[in-house]
Structures are given as C-alpha cells and as structure tokens.
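Subject: Structure handover

Hello,

Here is the structure I promised to pass on. Please open it alongside this note.

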Amino acid sequence: MMKQIVFLLMSLCFFTKTFSDNAHKGKIKVLIVDGQNNHSVWPKSTIMMKQYLEETNLFEVDIERTHYLNNSETHKDWLPLANVPEGVEGKPITDPNFNPDFSKYDVIISNFGHRAADWTNETQKSFETYIKNGGGFVSVHAADNCFPEWEAYNKIIGIGGWGNRTEKNGPYLYIDEHDQPKKDYTPGPGGKHGKREDFLVTTYHKKHPITKGLPLSWMHADDECYAYMRGPAENVTILATAVTTLKAAELQQKEPVVMTVNYGKGRIFHTTLGHDTTALECVGFITLLKRGVEWAATGKVKQTKIPADFPTENKTSTREFQYNK
Ligand SMILES: [Zn+2]
C-alpha cells in the first residue's frame, strides 16, 4: 500500500513538472535589466517592452534592477506598476547586489542609460562570459551611453555616445556618400543629437532577418536621431539608417540607427531609437524590437508578418500604450 502511495505521489510530481515545463516550452527567456537611466521614462519603457514581447506569446520576460535614483522627473505613476522599490539619493552608485544569473536567459535587454554606475567587476565578467559563449544582448537607445570605460561593453555595443567617448574609443561609424559603411577616425566627441522630431528611417540591409520585408523607408515618430556615434565598431552590420537634422552636421552621413554586432559567439541587436513614450509606441520601433530580440536570442526571425499599421514613408504610426496588468 505504502509503495503504491509513494508511486502515485512520484507520478503526480513528474506529471506536474512535465506540465509546467511544457507551459514554458519553446518560449524565449528574456531578462530586462534597468535601474539607472537619465531618461525619466525608464520604468514605463521597461513595462512597455515586456508587454510588447509577451503579447507575441514567443517570449517570457523577467526584470532585474539595480538601486534606482530618486528622480523628480521620473514618471512616478509607473514606479509601483514596475515594482520599483525605495530609491537612493544623489549620484548613481554601484549596486553590490546586482548580479543576475544571465545564463538562465536566451537574451538580455538593457534599459540602462547615461551616467549609470558601473556594475561590479564580478557582474561585468559574468556578463562578458555570457555573451562570449553565445548569449544574446539588446541595447536600446541610451543603453549605448553607459559604461564608457568598460572595454568589453564598448565592443559588445559596437558604437556608443557621450560619457567622454572620443577618438580614444574608436572611429565614427556611418554610411558614407557612396552608400558604404565607413569608419571615420576624425578626432572629436562621440554622440550628438538634434531636436526630438519625426524622421525617416531607411532600411540599409534588406536581406537581414530583422529588416527583411520592411518598407525601404518609413517615418519614425518623435524621437532623437543619434549621430556621430563612435566605438570599436568591430563586427557591426548596419541594418537601417537615418539622417540627423543637426545644424552642426558637417558631413553628409547616414547614421546607423539599427544594427547588429557579433562578439565571440554572442549576437547583439542594437537600436539607438526609443527616447520617450511616443517613440516607443511607434509600430516601426515595436516591430524592430520584437524581431531584434528574437534574432539576438535565436539567430532567426519567425515574426515575418509586417503589421498592417506599419508606418509609411509619409506617415508615422503609433499605438497608444495600454498597460494590461
Ligand atoms: Zn534620449
């Protein structure tokens, strides 16, 4: 009798485990890391990206964050929704307890920003190892502003801006007047942008799984066009470009706004788009994010359907964000 009960219990455990494994089976495991971003939209933008990804049923998204700074500009109403704990005062500081187990995930998305404090040495090394061994990474907007002194991070993002980035970090990278990628070693600061506005995004690499089938040009809504980005620029594939309206633009260059980078066996999707709510609501941004995260995780893109409301060359298209939890 006892044996039968034990057998029954074991079967039940096995069944429950199998059932729960199956419920997650096939889903891409995503971790969004955040906490320190000069962009006050950050807790909301994390929620937005999580929801965009999970609504596809392809992804399962966790969030891990560092200490966050008390910031009067922060979208306060989003803090409780994003489960943001009590903040710290003053300058961004290194959070000694921030050490995610990256290896549990297929892809990591960074929603950190300008002047984020360095991660601990241990966390940096663990992240580098994860990417080198084939992990996926996604850098969104100001995530390419942070960690200017971290050599491997600069290689992982390919190019970055601000944080005293200069020629010491590597060349400017852009598409030149002959429509070719160019590494430009002219000295000068890395990172500029003009005013926030609608601007045209042009597909440069038409055959890459992330951009395949997208319109050649589409109007992106209310964003900053990052320009004069520079860095190691190794193993970067430029997928889409835009032209800054900065008055200071002395070069007729097309700025990379969507790109991929290879680092070791790791795949990186990097977009400079995504400054604030409207830019994140652009159907072009949403589509690229979903595809880019899938590609960074798996090397493939199954989401080949182009949304009916995708922006056109003349018209922006946004979806007002409705939080569904
Ligand atoms: Zn910005």
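Below are the notes on the metal site and the nonpolar cores.

This is a predicted model, where local features need pLDDT of at least 70, side-chain atom pairs count only at pLDDT 80 or more, and totals for chains, interfaces and linings use all residues. Residues are numbered from 1 along each chain as its sequence is written, and side-chain values use heavy atoms, leaving out hydrogens and water.

Zinc site

Four residues coordinate the zinc ion at 2.0 to 2.2 Å: His39 (NE2), His141 (NE2), Glu224 (OE) and His275 (ND1). Donors here are N, O and S atoms within 2.8 Å of the metal (3.2 Å for Na, K and Ca); water is not among the atoms, so sites may look incomplete. Along the chain the donors are spaced H-x101-H-x82-E-x50-H. His39 sits in the loop between strand E1 (28–34) and helix H2 (42–54), and His275 in the loop between strand E13 (266–271) and helix H6 (277–281), so the pair ties together parts 236 residues apart in sequence. Helices (H or I, at least four residues) and strands (E, at least two) are DSSP runs, numbered from the N terminus. His39 is buried at 9% relative accessibility. His275 is buried too, at 14%. Buried means under 20% relative accessible area (1.4 Å probe, protein chains only).

Nonpolar cores

The largest nonpolar core has 49 residues. Val30, Val107 and Val138 are among those with the most contacts inside it. Helix H7 (residues 283–298) gives the most to this core: nine residues. A second, separate core has 34 residues, including Phe112 and Val236. A core is a set of buried Ala, Val, Leu, Ile, Met, Phe, Trp, Tyr and Cys residues joined through side-chain atoms within 4.5 Å.

Best wishes

Notes: Buried < 20%, exposed > 50% of the residue type's maximum accessible area, 1.4 Å probe, protein only.
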